[in-house]
Amino acid sequence: MTKVTLTVNGRAMSGECEDRTLLVHFIREKLGLTGTHVGCDTTQCGACVVHMDGHSVKSCSILAVQASGSTITTIEGLAGQGELHPVQAAFKEHHGLQCGFCTPGMVMTAVDLINREGGTLTEETVRAGLEGNICRCTGYHNIVKAILAADAEMAGGRQAAE
Amino acid sequence: MGVEGIGARVTRKEDKRFLTGKGRYTDDMTVPGMKYACFVRSPYGHAKISNIDATAAKAMPGVIDVLDGKQLQADGIGNLICGWMIHSKDGTPMKMGAWHPLAVDTVRYVGDAVAIVVADSSGEARDAAEAVVIDYEQLPVVTEAVAALASGAPQIHPEAPGNLIFDWQIGEPEAVDKAIAAAAHVTEIEILNNRLSPNPMEPRATLGIYDAAEDHYTCYTTSQNPHVARLVMSAFYNVAPENKLRVIAPDVGGGFGSKIYIYPEEIICLWASKKTGVPVKWTSDRTEAFLTDAHGRDHVSKVKMAFDANNRITALKVDTIANLGAYMSLFSSAVPTYLYATLLSGQYAIPAIHANVRTVYTNTVPVDAYRGAGRPEATYLLERTMETAARELGVSPAELRRTNFIRTFPYQTPVIMNYDAGDYEASLNAAMQAADWNGFAARRTQSEAKGKKRGIGMSCYIEACGIAPSAAVGSLGAGVGLWESAEVRVNAVGTIEVLTGSHSHGQGHETTFAQLVAGRLGVPIESINIVHGDTDKVQMGMGTYGSRSGAVGMSAIVKALDKVEAKAKKIAAHLMEASEEDIVIENGELKVAGTDKSVPWFQVALASYTAHNLPSGMEPGLKETAFYDPSNFTFPAGCYIAEVEIDPDTGETDIVQFVAADDFGNIINPMIVEGQVHGGIAQGIGQALLENVQYDENGQLLTASYMDYAMPRADNLPSFKLSHQNTPCPSNPLGIKGCGEAGAIGSPPALINAITDAIGHNKLTMPATPMKVWQALQTAH
């Protein structure tokens, strides 16, 4: 067993785990943050996407011990208590979710996509950017709409701030 | 219609918890003392089990116990059953082979469960599962249905000689043969409907908890119908009497049919919890899901469609072989029979139809309902045949369909169904207009100038939803009734709980069901909660599948609301000293029509519970229950058009536009209905272009991960153009037809019709991968 220390959603957290424990299982089972999901075994579906040191990462493709010392944001920490991040709000507004299982990973990927390419996104680049996230319910139609709407709103926010 | 009532695009009440990571799915559940299960599964497609040695596994770190099928059988746990009886045309009942939850002496597909390991952690359970030594004697394997029927094929179940489960027919063979003999033209085609894996993003999971003090079981499970799960586990599998078994299906991450069935794992984890004295949780990984979740489709059919000299269809003859896998899953027998052949009239007036269906055991995962269930197979067969016939007859595909549309309702088909309402030409016209069908020739010329092949194809689908009424399905062999229940509980402060037997696993019932109540009573949608998915809270219900929650589930709520309203009006009339007939409910108030007298809703609710001043003889309280059994199926229909551009050098298909024009009857929430159609189309496009379950000759599943099974991703799909041409359904109080499956039913033939149009070659099977399309292009004229 190895001790893993992380800053998760702004709070220092630590726990013991086997060396083979994946970050996603550490987050779900040791930290009790079950918003991050496991949808496959081959790093294909993206239901487990979290942000590690500010970048999206599939938390099933990294060991918890490798992540030790890093800063993690999960879906639970994306916005303040009771609030929605603009991407979360856009998913609600545009019906970008149905069963909700892929949603945390989709939202975390979308936030990272907007952070990286915000203001320049098109339907084509959003679809390309979602290549690593699988949704079985929505046909992606409304997810794409939601991300483009969130991008426009966040770009507006950035402009207003400048 | 108000801002929150029927017809409004209300954003979903349930979204916030899913968007903030607060959804509660089965694998998120933990209870004190909980341990983890891993199943030991057959690595062979077909084998005798000669010995199971768990000695080493039991000595591994963290292992609590290893249990096998002989122990399960000794404890009296029953075999899994198929709940829909089908008789062969010679009158003999279907030949159901034994399905032990844990295999006892024979395994029949790769993934068949043989033993369960319970350990402190999931990792330790998995380590120990690998240490269970099982001696197998391999037997010959067959995975394809046609091969399984051939003489000399491996025998899979002793109960089903030649692997034939039943040989069933519907319709009039003599009339059909006569019409074919007299036809001006006969179109013949062989149709393959590829095998699919449903793949809800949440893998199946279950948590079995046995409470020895109460001799009571709790089962958390990823189910679309927890009450049916409890009924079946109690009545057939002898897990526990119903009053000693609580089944909870909390948030469920998609189902698409695959979570209707009661699988071995739920039964085994409950039993293992009693055996070991600890709560036992099992969560499927994705490969296990491919290996064990019921697959869908897998039909091979031969079709003859006869026409007279005016291009009117005179007869349809269909011979289908359906692969049901290694065991008969819960509703497997109904899918290729009453959910399939009864839809073979499509949108067309066909005087004579005959379908013969043989179902077959193979060494593959059991096959059961997957989104559409039988209806996509019927639609694909019919719409590929219509397209082929149009090409052979030299008429436009739209013209051939128009010539044969059913135009008057009700319409009795020769295959049981009685269509109650529809306007097929309206959807066809709307779709063609949205797709700019007339501009296609010019677009094709532009594509040709770029060296691309362009094609357009349509599909006119019909489906039967609601899967009811109970007496009708009972007479056809169903082991259950297909009504739905609802309870409307008005609290003393006027807030409302609606308990429904329907189950939401993405469909948004918490919003649409609340819209119905908010619209009826004029109370805020926030004051209404929808409760579902727990057999301890909700009265018996039948669950969600077959696009039935709107048509049947909401109708039950209407019936309960009728009773609540009637009682509330009596109380209001008493309070205002008015006549009951004069009371109207508007904007959260009960008013005396034509006066300014009113009492607020909450005051009536409170009066019902204080019971200080009720009409003489009235019981206190404001809570009513209703069970609703519909009078007919519902018949959603529509027209889908796909337009594709193909790169002849690579065979890659680009969907340049996809149009859906649907008739769903009345719509509660257009936003949610559109979402259902988007998702259905994506699954249909997946079937047509990408997805295919493939076994090798040894019965190994080659497509058991997302690296091998091509799921539709965002960059495989276009945005969709939708419209509605609704004719209200006369068979239920809300006029709803259902919308959950249409997309998956209507889209595959539209795409294949478009691709075969583009490449000028009609022989193409799904999925139309770039390799297949490229190969077809090499032999096209």
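Two strands are taken as paired if DSSP finds at least two bridges between them, and helices (H or I, at least four residues) and strands (E, at least two) are DSSP runs, numbered from the N terminus. The model shown in these views is predicted, so local features need pLDDT of at least 70 and side-chain atom pairs count only at pLDDT 80 or more, while totals for chains, interfaces and linings use all residues. Residues are numbered from 1 along each chain as its sequence is written, and chains are lettered from A and ligands numbered from 1 in the order in which they are written.

**View 1. A hairpin of chain A is formed by β3(A) and β4(A).** Strand β3 (residues 49-52) of chain A is joined by four bridges to β4(A), and the two run antiparallel; in this pairing M52(A) stands opposite H55(A). Two residues lie between the strands of the hairpin. D53(A), located in the loop between β3 and β4 of chain A, has a phi near 50 degrees, a positive value in a residue other than glycine. A residue is called buried if 20 or more other C-beta atoms, placed from the backbone, lie within 10 Å of its own, exposed if 12 or fewer do, and partly exposed in between. D53(A) counts as exposed because it has 12 C-beta neighbours inside 10 Å. Strand β4 (residues 55-58) of chain A has S56(A) and K58(A) on its covered face, whereas H55(A) and V57(A) belong to the uncovered one.

**View 2. A37(B) and V117(B) belong to the largest nonpolar core.** A nonpolar core is a set of buried Ala, Val, Leu, Ile, Met, Phe, Trp, Tyr and Cys residues joined through C-beta atoms within 7 Å. Of the 306 residues in the largest such core, A37(B) and V117(B) touch the most other members. Helix α16 (residues 549-576) of chain B contributes the largest share of this core, 11 residues. Two residues are in contact if their C-beta atoms, placed from the backbone, lie within 7 Å. With neighbours within four places in sequence left aside, the contacts of V117(B) include A37(B), C38(B), V40(B), A125(B), A128(B) and A129(B).

**View 3. Three strands of chain B form an open sheet in the order β22-β23-β24.** The pairing in this sheet is antiparallel. β22 (583-586) and β24 (598-600) of chain B stand at the edges, each with a single partner strand, so one side of each is left without a neighbour in the sheet. Neighbouring strands of this sheet are turned by 20 degrees against each other on average, direction ignored. Four bridges connect β22(B) with strand β23 (residues 589-592) of chain B, and V584(B) stands opposite K591(B) in β23(B). Helix α17 (residues 601-610) of chain B lies across β23 and β24 of chain B and runs at about 75 degrees to β24(B); axes here are lines fitted to C-alpha atoms, for helices over the stretch in contact, and angles run from 0 to 180 degrees between N-to-C directions.

**View 4. Chain B touches chain A through residues that include part of α18(B).** The contact takes 42 residues from chain B and 45 residues from chain A. On the side of chain B that touches chain A, α1 (15-19), α9 (286-292) and α18 (670-690) of chain B each supply at least two residues, and the largest share, seven residues, comes from α18(B).

**View 5. Loops of chain B hold P410(B), P767(B) and D436(B).** Most residues other than glycine have a negative phi, and most peptide bonds are trans. The peptide bond from F409(B) to P410(B), however, is cis, with omega near -5 degrees, and P410(B) is found in the loop between α11 (397-404) and β16 (411-412) of chain B. The bond from M766(B) to P767(B) is cis, with omega near -5 degrees, and P767(B) is placed in the loop between α19 (742-759) and α20 (770-779) of chain B. D436(B), which is not a glycine, has a positive phi of about 50 degrees and counts as partly exposed because it has 15 C-beta neighbours inside 10 Å.
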